[in-house]
Amino acid sequence: VFGDANDYVGKGLSGGTIIVRPTVSSPLKGHKNTIIGNTILYGATTGNLYAAGQAGERFCVRNSGAQAVVEGCGSNGFEYMTGGIVAILGKVGANFGAGMTGGIAFVYDPDNEFQYRVNSDTVIYQRIETSYWREVLKVLIGQHVKHTRSNHGERLLHSWENIEKNFWQVVPKEMLDKLEHPVTSDTLLSKQA
């Protein structure tokens, strides 16, 4: 889609790739403007979504397997998410990750404000500690840039060595000991021993 899209983009997505990006002639900066509405990827099971802009509220609610990259989202993002890998390349609203029981989220937070927006009842959030997950994130952002031609995503990749420390990794507490690839260096060392 060239332009913006309303609510429920990718509801029940079960394969394929959705790409939403501003028109070539648009003067808007994607990462500072909303390009897709509320309740995106509700109940998605597989597939991909790349949006060169922000999403509204309740992004990835009940997502159980889709992968996505957006450049910010409103309140209640990742509510009741059970699977998938998603990167947010900008600010998020309040109550992020409420009831999240599966999946992995990455949030770019150069202003260190995420701690005030995450609901840590069911999730942990930490800086990315392992090379495996750093590479997963970098590849995901690379796919986002390839599909959307996002200037913001491209800037992040060009400055990767300096900005990767600004990403949070969000993981449901109940999944920590079930992941094939651990999220902490301590767990990784104990598995190798």
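User: What should I know about the model and numbering?
Analyst: The model is predicted, so local features need pLDDT of at least 70 and side-chain atom pairs count only at pLDDT 80 or more, while totals for chains, interfaces and linings use all residues. Residues are numbered from 1 along each chain as its sequence is written, and side-chain values use heavy atoms, with hydrogens and water left out.

User: What order do the strands of the open sheet take?
Analyst: The order is β1-β3-β5-β6-β7-β9-β8, 7 strands with mixed pairing. Strands are DSSP E runs of at least two residues and helices are H or I runs of at least four, numbered from the N terminus; two strands pair if DSSP finds at least two bridges between them.

User: Which strands stand at the edges?
Analyst: β1 and β8, each with a single partner strand, so one side of each has no neighbour in the sheet. The twist averages 10° from one strand to the next.

User: How many bridges join β1 to β3?
Analyst: There are 5, and the two strands run parallel, with β3 covering residues 46–51. Isoleucine 19 stands opposite tyrosine 50 in β3.

User: Which strands does helix α1 lie across?
Analyst: Helix α1, residues 131–148, lies across β1, β3, β5, β6, β7 and β9, at about 65° to β3. Angles run from 0 to 180 degrees between N-to-C directions, with axes fitted to C-alpha atoms, for helices over the stretch in contact.

User: Now arginine 21. Where is it?
Analyst: Arginine 21 is in the loop between β1 (14–20) and β2 (34–36). Arginine 21 is buried without a salt bridge, and glutamate 71, the nearest side chain of opposite charge, is 10 Å away. Buried means under 20% relative accessible area, exposed over 50%, partly exposed in between, with a 1.4 Å probe and protein chains only. A salt bridge needs a Lys or Arg side-chain nitrogen within 4 Å of an Asp or Glu carboxyl oxygen. Lys and Arg count as positive, Asp and Glu as negative; His and the chain ends are not counted.

User: Last one: is valine 1 buried or exposed?
Analyst: Valine 1 is exposed, at 54% relative accessible area. Beyond its neighbours within four places in sequence, valine 1 is in contact (heavy atoms within 4.5 Å) with Ile19, Val20 and Arg21.
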